[in-house]
Amino acid sequence: DFRIFEEFYSQNDSAGYGFADGLVENALQGADPFQTATKGDRKALVLGSLQSQVMFLAILGQLEEAIDACDEKLPDKAMLYWDGAAALMIGSIEGPDDGGQPNGQSFFAISKQLCDAFGACEPVSSVVNTLLLSSMTAGGNGIQQNECEAARTLIANHIRPYLFVTLIQGLLYYSIEAAYGNEGARGYLLAYTQALLPYVQT
């Protein structure tokens, strides 16, 4: 997936931002084109870029490393990467309680924050999170048993699409919020747009 981002932004980067780092740097500094953006929109762009682009690619990168290690018959190394992907996905703020805490900043937290708008909440979490956790557990069990192809299929058919659900929900939600002029919505909208554009164009 990093290759998809790299190829897209090398060919479609007339503003010269590069990957998320350029947007984040300009937003933090209030540089072009964010001179007139509100502090709330700039903050949202920074946080949204880290969530929807940096963390998204980091999660998928850890999963790919896990599969490579599994193929090399290195189960301990594979599980280290797999657990790393889960840690990035869930975050450290969630804690041990079922469903986690309400103030996280990871993909897990984003899904909980957005689920109500899409009628996709469960008593303590979201439908997407339940599906993600189930797939991550099954994939981890498969890797421990050296069932690399089964884990690879879970990533392609379940984990990766579930992550995309959260990105698409974010794009739709903040499109509406931005139309109403809500503080920070335009920043999040730009971040989610930048995260999904490479896939729309490929």
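The following legends describe close-up views of a predicted model.

Local features are described only where pLDDT is at least 70 and side-chain atom pairs only at pLDDT 80 or more, while totals for chains, interfaces and linings use all residues. Residues are numbered from 1 along each chain as its sequence is written, and side-chain values use heavy atoms, with hydrogens and water left out.

**View 1. The disulfide between Cys70 and Cys148.** A disulfide is counted where two cysteine sulfur atoms lie within 2.5 Å, and by this rule the count comes to 2 disulfides. In the pair shown here, the sulfur atoms of Cys70 and Cys148 are 2.1 Å apart. The torsion about their S-S bond is about -85 degrees, so this disulfide is left-handed. Cys70 belongs to helix H3 and Cys148 to helix H7 (residues 148–179), so the pair ties together parts that are 78 residues apart in sequence. Helices are DSSP runs (H or I, at least four residues) numbered from the N terminus. Both Cys70 and Cys148 are buried. Buried denotes under 20% relative accessible area, exposed over 50%, and partly exposed the range in between (1.4 Å probe, protein chains only).

**View 2. The disulfide between Cys115 and Cys121.** The S to S distance in this link is 1.9 Å. With 90 degrees about the S-S bond, the link of Cys115 and Cys121 is right-handed. Cys115 is buried, its relative accessible area being 3%, whereas Cys121 is partly exposed at 38% relative accessibility. Counting bonded cysteines along the chain, the disulfides of the protein follow the pattern 1-4, 2-3.

**View 3. The salt bridge between Asp41 and Arg186.** A salt bridge is defined as a side-chain nitrogen of Lys or Arg within 4 Å of a carboxyl oxygen of Asp or Glu. The structure holds 3 salt bridges. Asp41 and Arg186 meet in one of them, with an N to O distance of 3.2 Å. Asp41 lies in helix H3 and Arg186 in helix H8 (residues 185–200), so the pair ties together parts that are 145 residues apart in sequence. The Asp41 side of the pair is buried, with a relative accessible area of 8%; Arg186, at 52% relative accessibility, counts as exposed.

**View 4. The salt-bridge network of Asp71, Glu149 and Arg152.** Asp71 forms a salt bridge with Arg152, the closest N and O atoms being 2.5 Å apart. Because Asp71 lies in helix H3 and Arg152 in helix H7, this pair ties together parts that are 81 residues apart in sequence. Glu149 also forms a salt bridge with Arg152, with the closest N and O atoms 2.7 Å apart. Glu149 and Arg152 both lie in helix H7, 3 residues apart, which is about one turn of the helix. Through shared partners, the salt bridges join Asp71, Glu149 and Arg152 into one network. Asp71 is partly exposed at 40% relative accessibility, and Arg152 is partly exposed at 28%.

**View 5. A negative surface patch including Asp68.** The patch is formed by Glu64, Glu65, Asp68 and Glu72. Patches are made of residues with over 30% relative accessible area and no salt bridge; like charges are joined within 9 Å, and nonpolar side chains (Val, Leu, Ile, Met, Phe, Trp, Tyr) within 5 Å. Asp and Glu count as negative and Lys and Arg as positive, with His and the chain ends not counted. The place of a charge is taken as NZ of Lys, CZ of Arg, CG of Asp or CD of Glu. Asp68 is located in helix H3 (residues 39–71) and is partly exposed at 40% relative accessibility.

**View 6. A nonpolar surface patch including Phe118.** Phe118, Ile168 and Leu172 form this patch, with about 250 Å² of accessible area together. Accessible areas come from the Shrake-Rupley method with a 1.4 Å probe, and for residues only the protein chains shown count as cover. Phe118 is placed in the loop between helix H5 (107–114) and helix H6 (127–144). With a relative accessible area of 32%, Phe118 is partly exposed.

**View 7. Positive phi at Lys73 and at Asn146.** Most residues other than glycine have a negative phi. Lys73, although not a glycine, has a positive phi of about 60 degrees. Lys73 is found in the loop between H3 and helix H4 (75–90), and is exposed, with a relative accessible area of 59%. Asn146, also not a glycine, has a positive phi of about 60 degrees. Asn146 sits in the loop between H6 and H7 and is partly exposed, with a relative accessible area of 33%.

Methods:
Helices (H or I, at least four residues) and strands (E, at least two) are DSSP runs, numbered from the N terminus.
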